[in-house]
Amino acid sequence: MIEILLKFIEIIVFPGFIFIGLLSLFYEWIDRKFYAKLQNRVGPLYAGPHGILQPLADFIKLLSKEDIVPEAADKILFTMMPIIFFSLSLLITLNLPITSIHGIISFKGDLIFLVAMLTIISIVVYVSGEVSTSRFATIGAERAILQLLGYEIPFMLSLISIAISSNSITLSEIVLAQKNIWYIFTPNIIAFIIFLITGQAELERIPFDIPEAEQEIVAGWIVEYSGKKLALFRFGRDIETLFIAGLGATLFLGGPLGPVIPGLETLLYTIYFIIKSIFILLILTTIRAIFARLRIDQVLSISWKYFIPLSLIQLLIVRVIY
Amino acid sequence: MGFIIPIGPQHPVHPEPLLMKFNVEGEKVVGVDINISYTHRGIEKAMEYRTYLQGIYLAERICGICNAAHTTCYCQNIEQLLGKEPPPRGNYLRLINEEMGRIHSHLLWLGLAAHQIGFDTFFMYVWRDREKVLDLIELMTGNRVITSYNTIGGVRRDITPTIIEKIRKNLDFLEKRTKYYKKLVNEEPTVLMRTQNVGILKPSEAVNLYAVGPVLRASGIKHDIRADDPYGVHDEVPFNVITYDTCDVYARILVRIDEVLESINMIRYCLDHLPSGSFKLRMPIIIRPPKGESISRVEAPRGELLHYVISDGGIKPYRYKVRTPTLANIPATAKMLTSRGDYEVYIADIPIIFGSIDPCICCTGRVLFIDIEKNRRWIWGYDELVRYSNKRFERHD
């Protein structure tokens, strides 16, 4: 009985839904604040100390806004898509090893499951754009799929490089394999760079925010969503950001591992995880600040001309070494 | 017709009302239809109901950013009618104000261009530094944007040695920053990818479609009213006409950045050679020019600006006509926005190509009538428009 209760608390409170939700809002605050600092602005300031509650305030505000469904949209899919998007992001984040080397959901071969879920998220994006029947949304949805063709293969290849190095496709074993040396300090460095760039594309942030390019197609696939649905999409995107940062920390920075004091493992592991993933997040934010948006054809050509050959070279190197 | 994408009348990067309907195939733009007649503000008609002195403030409000150019043009026009010339010091101050307006306008545009290609950090930095020139304009004229500086027969305020000192200091800062931005534009790979070979306008096309200003100069045509038909003291102040010959958006960015540097040097020259004496002619309170007509041309930040006035000897102009640079650039924009042969335009290029002419729609509204059912299009000439507007005006008065 107690065990079931503990498991329940683990899933709902810590390190489950509530913890992940709050952490992702915190990451959004870090992202916005750091982005603002890089641009010589102040960023969120009023809600809470240094504006730390601003993402939560935005979320609550969006929840209270009017929810408009376009006349011509497919009502059922239009309503379902934000929920699916949100729950998929939450689901993949539960796989991350935060408090121990195992995530809340942990099974053999979960790396492959995560990659599959990430692709399904892109397809959800496509469907959400397509069912809202706006011209801008249609173009945004097409761009999302085109971009998927560009970044997904190098993204997977960078994960495969890690899988070959650790001889495993399970996150917990990959973490354990980094007990002595993190993969970022091994020849996996190319894979790390490719992971960061393609992760940025997965999150649709500058220079890869092509599917929702504000200046070109207003907000792209998300343009018709408002109120609660938009809130769910944005929250889902925050959680996905946490996931990409956390996955980077898990695969390349040794996950939650670090020097521990006996008895305080859970707390220290969590702190290490947060520090490492914030490091990845700051890199992602810097990328967002220092580039202009690329064009969709440029993304595809860069990806196929440079990233995929580089990833293959990386695989060769890793195969020879390990 | 294929898949139509409407950009405007409301759109995040073009807050001004104009509608562009793009015919697209996938990401490629194959046709464009530009409708600019959303803002008919009736300024020309309103001019006919104001005295010459009141007209300055109306001319100033044709366009907020190039207000210095508009008032210079207006005042020159009336001075030509009156047959008078402002004193040299007034002319020099006018030029300083005009060139500061140019710096302000070009820096603002540079930030917007960066925003249009999604480079928000650049946008924030440029707009932060633009504050310096706004401070200078405020220091010199008393206002930040709408300066109310020029008046018929000179300018309304003098400058003091302290202000000159401050202007020099801020100009040094601006020069340093502008040079840095030029370096950044030349070196940042994503900026180059998004601007090179985008929005091509060949020199022959630019001339045939009557493009003006930086757009024309970026196509390699050496044309600048300040050099070709000098007004004020532009024949005394040396400067280079900047041209680039790559004919794309990249060239337009560089032309504007270099013009900012030229303007800084021109202001420095003016401060060094500022003549002493009066800065304003003494004019009667009621200005009553003799019967006649006059044309005045000014190189506004966006290109050649033309004002035309007919006087019937009264205290109000009989007719006032303004031709703004954006209107002159619209046909060239339509050319730039259409794919032809090897040259392809993508949806992603639309904002930056349209933005590269530095559009100012609020001074561009025109009337063209199209009857789709009868397939008839006609343009109202002067007489019909006057008749129609008189009728409307009386009904609403």
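Arg392(B) is exposed, because 12 other C-beta atoms lie within 10 Å of its own, and a residue counts as exposed at 12 or fewer. This and every other value here was computed from a predicted model. Arg392(B) has its place in helix H14 of chain B, which runs over residues 382–396. In sequence 340 residues separate Arg392(B) from Tyr52(B), while in space the two lie 24 Å apart, C-alpha to C-alpha.

Chain B as a whole contains 14 helices and 10 strands. Its radius of gyration is 22 Å, close to the 21 Å that the globule rule gives for 397 residues, so chain B is as compact as a globular protein of that length. The C-alpha trace of chain B spans about 65 × 55 × 35 Å along its principal axes, and 45% of the 397 residues of the chain count as buried. Among the contacts in chain B with a separation of 6 or more, 69% are between residues 24 or more positions apart.

Where chain B meets chain A, the contact takes 24 residues from chain B and 25 residues from chain A. The elements of chain B that give two or more residues to its side of this contact are listed here.

| Element of chain B | Residues |
|---|---|
| Helix H4 | 88–116 |
| Helix H5 | 120–141 |
| Helix H7 | 189–195 |
| Helix H13 | 350–355 |

The largest share of that side, 5 residues, comes from H5(B). Sorted by class, the side of chain B that touches chain A has 14 nonpolar, 6 polar and 4 charged residues.

The largest nonpolar core holds 178 residues, of which Leu110(B), Val215(B) and Ile353(B) touch the most other members. The element that gives the most to this core is helix H10 of chain A, residues 227–252, with 13 residues. Once its neighbours within four places in sequence are left aside, Leu110(B) is in contact with Val126(B), Tyr181(B), Ile253(B), Arg256(B) and Ile257(B).

In chain A, helix H6 (residues 135–166) and helix H12 (residues 296–321) pack with their axes 9 Å apart and at an angle of about 10°. Angles under 35 degrees count as roughly parallel, and H6(A) is therefore roughly parallel to H12(A). By class, the contact of H6(A) with H12(A) has 16 nonpolar, 8 polar and 2 charged residues.

How values were computed:
Residues are numbered from 1 along each chain as its sequence is written. Chains are lettered from A and ligands numbered from 1 in the order in which they are written. This is a predicted model: local features need pLDDT of at least 70, side-chain atom pairs count only at pLDDT 80 or more; totals for chains, interfaces and linings use all residues. Helices (H or I, at least four residues) and strands (E, at least two) are DSSP runs, numbered from the N terminus. The radius of gyration is taken over C-alpha atoms; the globule rule is 2.2 Å times the number of residues to the power 0.38. A residue is buried if 20 or more other C-beta atoms lie within 10 Å of its own, exposed if 12 or fewer, and partly exposed in between; C-beta atoms are placed from the backbone. Two residues are in contact if their C-beta atoms, placed from the backbone, lie within 7 Å. Ala, Val, Leu, Ile, Met, Phe, Trp, Tyr, Cys and Pro count as nonpolar, Asp, Glu, Lys and Arg as charged, and the others, Gly among them, as polar. A nonpolar core is a set of buried Ala, Val, Leu, Ile, Met, Phe, Trp, Tyr and Cys residues joined through C-beta atoms within 7 Å. Axes are lines fitted to C-alpha atoms, for helices over the stretch in contact, and angles run from 0 to 180 degrees between N-to-C directions. Angles under 35 degrees count as roughly parallel, over 145 as roughly antiparallel, 65 to 115 as roughly perpendicular and the rest as oblique.
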